[in-house]
Amino acid sequence: MSAQPSAAAAGTIEIGGDMTVNRLGFGAMRITGRGIWGDPPSRDRAIATLRRVVELGVNFIDTADSYGPSVSEELIAEALYPYPDDLVIATKGGQVRPGPNRWDPDGRPERLREACEGSLRRLRLEQIPLYQLHRVDPKVPLAESIGALAQLKDEGKIRHVGVSNVTEAQLREAQKIVAVVSIQNRFNVADRESETLIDLCEQEDMVFLPWAPIQQTERRAALAVAAEKRGVTERQIVLAWLLAHSPAILPIPGTGSPEHAEENVAAAAIDLSRQEMDAINTGG
């Protein structure tokens, strides 16, 4: 791998038919404080991380109004505005934060409008390139939540709509109301419950954004063996595995450290062998 890693080594992926980004993004949840609450320990370090990932060719950043809350979006604007022409910022609405490490769904149409308009202000955008329903609210009919996003799209405040933490049935219900271009569900080497949704993304030209992509990697021998053989970290092997697993996957690893961001981006250049993929897939 080169001394200067680049997200371009992962190739590109198209979102919504009109946005092309490098296929290794950045998740901006962990640039906030402990418990995803409040300011980070060092704002300067968080801003340096955001600027470094863009220098390394990352042009897709995923955030949410609930990260902080508001802190992540504010930091993105502080660090990167005016934005590079090719930068795609995705954000989400539909979760409220009563305190650190607490997440409550709120999919009421009026709340989603308030969340979207707040994100527009904080991110200093006239239109959000990709706006995602963060979580289905069991107290609100999904059609009402998605209908609110469809209306915001019609008003030009949202360019494309995505969904997060959904089942296939919920996806299909949403698709009856608005075009859905992305799914963001939990997916990693140990949790592959969303495998069928990744298949759907391949078939229907949607993008799959795996959250918690590098969790639950402990005690997996195949990862340790591949990492030792290549002189890289197990975290890097996991990111390389995600890139190889499906062309629909756009990994969005997050960190609050410029050094860890460089390490993550360097994973784009790792080309795993078929044998390594098989061993990781089977839990070897």
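Glu259 is partly exposed in the predicted model, with a relative accessible area of 47%; here buried means under 20% relative accessible area, exposed over 50%, and partly exposed in between (1.4 Å probe, protein chains only). Arg45 is also partly exposed, at 38%. These two residues form a salt bridge in which the closest N and O atoms are 2.9 Å apart, a salt bridge being a side-chain nitrogen of Lys or Arg within 4 Å of a carboxyl oxygen of Asp or Glu. The pair links distant parts of the chain, since Glu259 belongs to helix H9 (residues 258-266) and Arg45 to helix H1 (residues 43-55), 214 residues apart. Helices (H or I, at least four residues) and strands (E, at least two) are DSSP runs, numbered from the N terminus.

Residues are numbered from 1 along each chain as its sequence is written. The model is predicted, so that local features need pLDDT of at least 70 and side-chain atom pairs count only at pLDDT 80 or more, while totals for chains, interfaces and linings use all residues; side-chain values use heavy atoms, with hydrogens and water left out.

The structure holds 21 salt bridges. Side chains of opposite charge can pair when their charged atoms come close. Arg113 is partly exposed at 24% relative accessibility, and Glu155 is partly exposed at 38%. A further salt bridge joins the side chains of Glu117 and Lys157 (2.6 Å, N to O). Here Glu117 sits in helix H3 and Lys157 in the loop between H4 and S9, 40 residues apart. Both are partly exposed, Glu117 with a relative accessible area of 24% and Lys157 with 22%. Arg113, Glu117, Glu155 and Lys157 are linked in a network of salt bridges.

Strand S10 (residues 180-186) is mostly covered, with six of its seven residues buried. Strand S9 (residues 158-164) runs parallel to S10 and is joined to it by four bridges; two strands pair if DSSP finds at least two bridges between them. The chain passes from S9 through helix H5 (residues 168-175) to S10 in a right-handed β-α-β crossover. A crossover is right-handed if, with the strands pointing away from the viewer, the path from the first strand over the helix to the second runs clockwise. Together with helix H6 (residues 195-203), S10 and S11 make a right-handed β-α-β unit.

Ile183 and Ile237 have the most contacts inside the largest nonpolar core, which has 49 residues. A nonpolar core is a set of buried Ala, Val, Leu, Ile, Met, Phe, Trp, Tyr and Cys residues joined through side-chain atoms within 4.5 Å. Leaving aside neighbours within four places in sequence, Ile183 is in contact (heavy atoms within 4.5 Å) with residues including Val163, Leu171, Leu197, Cys201 and Phe208. A second, separate core of 27 residues includes Phe26, Leu50, Val265 and Ala268.
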